[in-house]
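Please look over the sequence and the 3D structure shown here before reading on.

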Amino acid sequence: MSLFTQSAAWVTTEHRIYADMTRRFLQDNMVPHTERWYDQGHIDREFWNLAGEAGIMGAAVPEAYGGAGADMSFEAVTLYEQGFAGDVSWGYAIQSIVMHYIVAYGNEEQKQAWLPKLVDGTYVGAIAMTEPGAGSDLQAIRTTATVDGDEYVINGSKTFITNGQQADLVIVVCKTDPSAGAKGTSLLVVEVDKVEGFERGRNLKKMGMKGNDTSELFFTDVRVPSTSLLGDVAGQGFYQLMNQLTWERLIVGVCGIGCADFGLQETIRYTQERKAFGKAVFDFQNTRFKLAEAKTKLEVTRAFICDAIAQADAGTLDAATASMVKYWSSEIQHAVLDECVQLHGGYGYMMEYPITRLYADARVQKIYAGTNEIMKELISRSL
Ligand SMILES: Cc1cc2nc3c(=O)[nH]c(=O)nc-3n(C[C@H](O)[C@H](O)[C@H](O)COP(=O)(O)OP(=O)(O)OC[C@H]3O[C@@H](n4cnc5c(N)ncnc54)[C@H](O)[C@@H]3O)c2cc1C
């Protein structure tokens with residue numbers, strides 16, 4: 001199975017070679033550690049460096065800043081392959097998102113300073129939007145960044161931040177002008193080891209994605225130079241978020257279909273081996289019909305995703321389409337994996353079977369990167 005449909009015009013031999021290379025790397029360096037990462041609540045820090053050395057991060061970052069200068073579809077390949085490897089502990093989706101904020105809005109100095117480190121795994125990235133009192137309603141955030149000479153002083157707290165325990169660089173969504181509504185929001189880059197007043201809270205206990213560190217972050221009079229602002233002037237944050245969230249929403253779908261493909265493959269194998277009433281579970285018509293339905297749902301979703309990847313590469317992926325991808329693919333991922341659990345019987349409820357982990361991991365896909373209710377709001381605005 002792969003990310004590619006038969007007819008996706010953008011798929012080249014290079015994509016297939018890159019996908020094979022990434023799959024081999026993840027099989028050798030990720031899959032053997034999945035259960036341990038799940039138990040310890042985070043991946044090994046060295047994995048980021050290994051992934052950087054293997055060249056599977058930041059494919060679409062320009063070569064001048066350490067990337068491969070390829071297009072976004074290559075980063076989608078990495079994320080699909082991660083899903084298909086059956087492990088969502090590695091927070092590469094967020095790393096990719098962080099890199100592309102800097103590619104899009106960083107000045108030359110910022111790009112030189114941060115991108116090579118994110119591409120080679122020297123830095124782990126995070127983006128901190130959500131607060132205890134503001135998730136869907138991002139305009140309600142209360143973290144402030146006030147100007148003091150040539151510095152910003154950041155105060156506030158964030159929660160549910162992916163890569164929160166390991167992050168070296170955090171893009172913090174702040175109010176630089178609380179009286180200006182959306183136009184008073186800005187993005188500040190904080191290199192956490194270079195500041196005082198930054199603290200990590202708990203590594204939060206979750207229903208799934210247990211091998212990824214998701215944390216509270218606290219900022220108390222954190223001083224960063226004014227050169228930490230992303231973009232030329234303050235107040236662009238909301239516009240920057242809205243533009244970059246299309247990529248975030250697309251890759252939720254990309255990684256999700258990878259997970260669902262893996263779940264389906266595991267379920268086909270399992271039902272062929274498991275016997276009931278003297279025959280393989282696969283041989284019941286109900287099983288084959290359920291698997292046929294799942295396969296069809298995934299192929300339809302794959303076609304939609306491949307089309308959206310082409311749009312992302314062309315720079316034409318709009319907010320409504322990205323929202324449709326996120327909403328649709330996360331619903332399909334969840335529905336398919338639910339059927340896969342059912343076809344495993346009681347073993348589908350036991351953590352030693354990959355399907356159980358995949359199912360628990362899938363639930364959050366309908367919640368983060370904007371809940372599916374918010375996706376429908378955004379889609380409905382385009383009607
Ligand atoms: C595992 C995990 C990782 C995450 N990673 C990050 C991260 O790296 N960075 C980050 O900033 N955030 C992250 N988040 C936060 C995530 O994006 C938010 O949880 C999400 O946006 C929802 O916000 P909320 O939890 O405050 O829910 P709320 O906004 O309180 O929503 C509660 C319910 O109300 C519904 N609702 C709210 N507004 C409306 C509306 N207008 N119309 C209809 N229904 C509505 C929602 O859909 C939801 O069902 C992560 C969350 C999780 C669980």
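## A pair of helices

The axes of helix 8 (residues 285-314) and helix 9 (residues 319-343) come within 10 Å and cross at roughly 160°, where axes are lines fitted to C-alpha atoms, for helices over the stretch in contact, and angles run from 0 to 180 degrees between N-to-C directions. Helix 8 is therefore roughly antiparallel to helix 9, a term for angles over 145 degrees. Helices here are DSSP runs (H or I, at least four residues) and strands likewise (E, at least two), numbered from the N terminus.

## Basis of the model

This is a predicted model, in which local features need pLDDT of at least 70 and side-chain atom pairs count only at pLDDT 80 or more, while totals for chains, interfaces and linings use all residues. Residues are numbered from 1 along each chain as its sequence is written.

## The shell around the ligand

Of the 21 residues around the ligand, those that come nearest are M129, G135, S136, T371 and E373; a residue is near a molecule if its C-beta atom, placed from the backbone, lies within 6 Å of it. Two or more residues of this shell are given by each of strand 1 (125-128), strand 3 (151-162) and helix 11 (372-380).

## Residue L241

L241 is found in helix 7 (residues 237-273), and its C-alpha atom is separated by 9.0 Å from that of V173, 68 residues apart along the chain. L241 is partly exposed because 19 other C-beta atoms lie within 10 Å, whereas a buried residue has 20 or more and an exposed one 12 or fewer, with C-beta atoms placed from the backbone.

Notes:
Parallel < 35°, antiparallel > 145°, perpendicular 65-115°, else oblique.
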